[in-house]
Amino acid sequence: MSRIVIVSNRTPGKGPAAGGLAVALRKVLSEREGFWFGWSGKLTDRPSTEARFETIDGLEIAQIDLTRDDHHAYYAGFSNSILWPSFHLRLDLATIESHWYEGYRRVNQQFARALLPLLKPDDVVWVHDYHLIPLASELRQLGARNRIGFYLHIPFPTTDALYAIPHHEELMRDLSRYDLVGMQAKRDVAAFTEFAEHQAPSTFGGHKVQAIDFSRTEVEAFPIGSDPGAFAKLAVSPAATKMVHRMRRVLGEQRLILGVDRLDYSKGLPQRVEAYEKLLAHNSRLRRSVHMLQVAPPSRDSIREYQETSDTLDAICGRVMGHFAEPDWQPLTYVKRAYGQPSLAGLYRMARVGLVTPLRDGMNLVAHEFIGAQDPDDPGVLVLSRFAGAAEIFPEALLVNPFDTDETAEALRMALDMPLDERKERWTALMASAQKHNVDDWAVGFLDHLTQNASAKPSATRDVLYLASSTQPASLPEAMASQTPPAA
Ligand code: F6P
């Protein structure tokens, strides 16, 4: 069996946690031969040319150091100030400094140069996320002939948003150098298709841009999942129960509305607190009988837009407290720190409502974990953004438009008033879907497809796209360890 080589910006174990990605992929590598390759978390004066191997929790991990300047341009710059906001349709929050592209490209070249000597001819390489779109191109340029797959953990943008990204044409050409491109949702495959089929040149000089040939790239939705069975167990573990007791002592009979998200503008946190404010304003009977807990560990806080989101959230939470709190009752708790998975699992289980309302999200594994952790005899209700990839597989959640805070407030009211029978019925369907889309099947499905289906026809059960467009007219162009952040 071929070895599997996983490549991602962060690696599990030491340094900053790789979050949901680590949880999802750790199992794959514990069951198959191979290693994980990525950034060490270290910034140095000179870039490393060779990877260092280390065994962490039984996983073989190869890591390289990056220079401070390259890392800034690649991570805070091109990846998180251009690609992240654009892919999440927040061009208003993008900082378009096109020179960051050079650093982004340089780091991808550094990854490729350090990885190539470690590859055996039949290794299968699985590259993760928007930080590393050019990696297959860079590896192929150095002579790699391996099967290489790419998985995008975040949403694929609309064509207009894509056009706003400097060098988007090269990035799309880079995608065409992968054998398989996996996306979270059908919506993402549709957005990709829209671009690929309507490539339009965007040149200054009017010269024709050669259409990108996607004929050898398979693009398919592989919705990622969690391990709901493991979460069910974790939710009744001693550590989880300890957290539940701690909370119950404070809350008494109050019903808990829970949000758990990285502090990121894509998560819709200010809108969510506003919806809660409206719930309290329009339903005075609920005051004193509900409590909202928002867990929001800081993320990417060197980037101004993230600091501003944090400030906005502080202000809104303060407003709600000032308006509704009484000496002996407070409407919400807002915690800016990360909790371990067992504590989170306990919180999910005791929550009457899981409030997962990103403005746009690749999948959102918090939704999966909330479902997995519920008590089958007294399950909570999931209020879920229709703009999370998870909405495609969880139609039994209360789906809301997170921009419409009146609608979210009404969904919260419905969730709190929902009779037990309906809660059980909805949760049973949600749990069945979470089990069907579990993380093991996700990883195995992607890898099987990548290794075995080199020339297979589209499968009947998934949305697959093969684009035989090399001869298209040129008018079409570029075509948790103990303190783990919440799942992406
Ligand atoms: O959702 C995309 C993602 O890269 C996840 O894989 C990861 O858990 C999360 O964002 C955190 O990102 P960062 O590595 O920038 O802290």
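Helices here are DSSP runs of H or I, at least four residues long, numbered from the N terminus. By that count, Tyr104 lies in helix H3, residues 100–115. Keep in mind that this is a predicted model.

**Whole chain**

Show everything before zooming in. The protein has 16 helices and 15 strands. It has 488 residues, and 59% of them count as buried. Its accessible surface comes to about 19700 Å². Carbon and sulfur atoms hold 51% of that area.

**Stop 1: Tyr104**

Select Tyr104. Is this residue buried or exposed? Tyr104 counts as buried because its relative accessible area, 0%, is under the 20% cut-off.

Now show its neighbours, leaving out residues up to four places away in sequence. Tyr104 touches Tyr74, Phe78, Ser79 and Leu83, among others. Also on its contact list are Tyr130, His131, Leu132, Ile133, Pro134 and Leu171.

**Stop 2: helix H3**

How many of the 16 residues of H3 are buried? The count is 12, so the helix is mostly covered. Colour the buried set: Trp100, Tyr101, Gly103, Tyr104, Arg105, Val107, Asn108, Gln110, Phe111, Ala112, Ala114 and Leu115.

Next, show what they pack against. Three strands are on the list: S1 (4–10), S2 (34–44) and S4 (59–67). Three helices join them: H2 (68–87), H4 (135–141) and H6 (168–175).

At 1.5 Å a residue, H3 should span 22 Å. Its end C-alpha atoms are 23 Å apart, which agrees.

**Stop 3: strands S7 and S8**

Select 180–183 and 218–221. These are S7 and S8, paired in the parallel sense over four bridges. For one of the contacts, pick Gly182: its bridge partner in S8 is Glu220.

Glu218 and Glu220 are buried on one side. Val219 and Ala221 are buried on the other.

**Stop 4: the six-stranded sheet**

Move on to an open sheet with parallel pairing. In what order do its six strands run? Read across it as S11-S10-S9-S12-S13-S14. The edges are S11 (332–335) and S14 (398–400). Each has a single partner strand, so one side of each is left without a neighbour in the sheet. From one strand to the next, the twist averages 15°.

Zoom in on S10 (290–295) beside S11. The two run parallel and are joined by four bridges. Leu293 has Thr333 of S11 as its bridge partner.

**Stop 5: helix H15**

Finish at 420–436. H15 has 17 residues and should span 24 Å at 1.5 Å a residue; its end C-alpha atoms are 24 Å apart, which agrees.

Colour the buried residues: Arg423, Trp427, Leu430, Met431, Ser433 and Ala434. Look down the axis of H15. These buried residues fall within an arc of 160°, so they line one face of the helix. Their cover includes helix H8 (228–234), helix H13 (365–373) and strand S13 (381–385).

Which exposed residues sit on the face turned away from the buried side of H15? Select Asp421, Glu425 and Lys436 to see them.

Technical notes
Residues are numbered from 1 along each chain as its sequence is written. This is a predicted model: local features need pLDDT of at least 70, side-chain atom pairs count only at pLDDT 80 or more; totals for chains, interfaces and linings use all residues. Side-chain values use heavy atoms; hydrogens and water are left out. Two strands pair if DSSP finds at least two bridges between them. Axes are lines fitted to C-alpha atoms, for helices over the stretch in contact, and angles run from 0 to 180 degrees between N-to-C directions. The expected span of a helix is 1.5 Å times one less than its number of residues. Buried means under 20% relative accessible area, exposed over 50%, partly exposed in between (1.4 Å probe, protein chains only). The arc is that of the directions from the helix axis to the C-beta atoms. Contact means heavy atoms within 4.5 Å. Accessible areas come from the Shrake-Rupley method with a 1.4 Å probe; for residues, only the protein chains shown count as cover.
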